[in-house]
Amino acid sequence: MKSIKISELKPEYNIIDIRSKRKYIKSHIYNAINIDENNLIDMPYMYLNKDEIYYIYCSTGYHSLRCCKLLQAQGYNVVNVEGGY
């Protein structure tokens, strides 16, 4: 599983915040989009392209790691943001 530290993220990356909409609105990483974790896992084809790399984060790093493992198993190129936001 690929991982990256939050300090290594760049604005041009495809960054996905899987936290609640409330937490996202309160504060989020610049240029991140908010996609509900369950929707992303259940319907990744609606949000992701298998030719792109996505950097996924949550509050602690636990849910994003789980999400990345599931998406990677489906052929998506995802990177977990260690430790969350």
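In this predicted model, strand β2 (residues 14-17) pairs with β3 in the parallel sense, over two bridges. The two strands belong to an open sheet of five strands, ordered β1-β5-β4-β2-β3, with parallel pairing.

**Sheet and helix packing**

- The sheet is open, and its strand order runs β1-β5-β4-β2-β3.
- Its edges are formed by β1 (3-5) and β3 (33-34), each of which pairs on one side only.
- Within the pairing of β2 and β3, which comprises two bridges, D17 stands opposite N34 of β3.
- Helix α3 (residues 62-73) packs on the sheet, where it touches β4 and β5 (77-82).
- The direction of helix α3 makes an angle of about 170° with that of β5.

**Salt bridge K5–E82**

- The side chains of K5 and E82 form a salt bridge, with an N to O distance of 3.9 Å.
- This pair links distant parts of the chain, since K5 is in strand β1 and E82 in strand β5, 77 residues apart.
- K5 has a relative accessible area of 48% and is therefore partly exposed.
- E82 is likewise partly exposed, because its relative accessible area is 37%.

**Salt bridge D17–R19**

- D17 and R19 form a salt bridge in which the closest N and O atoms are 2.8 Å apart.
- D17 counts as buried because its relative accessibility is 0%.
- R19 is also buried, its relative accessible area being 10%, and the cut-off for this class is under 20%.

**Salt bridge R66–E37**

- R66 and E37 form a salt bridge, their closest N and O atoms being 2.9 Å apart.
- R66 counts as partly exposed, with 38% relative accessibility, whereas E37 is buried at a relative accessible area of 13%.

- Y45 is located in the loop between α2 (37-42) and β4 (53-57).
- Y45 counts as exposed because its relative accessibility is 57%.

Methods: Residues numbered from 1 in each chain as written. Predicted model: local features only at pLDDT ≥ 70, side-chain atom pairs only at ≥ 80, totals over all residues. Heavy atoms only, no water. Helix = DSSP H or I, 4+ residues; strand = E, 2+ residues; numbered from the N terminus. Buried < 20%, exposed > 50% of the residue type's maximum accessible area, 1.4 Å probe, protein only. Pairing = 2+ DSSP bridges. Contact = heavy atoms within 4.5 Å. Axes fitted to C-alpha atoms, helices over the stretch in contact; angles between N-to-C directions. Salt bridge = Lys/Arg side-chain N within 4 Å of Asp/Glu carboxyl O.
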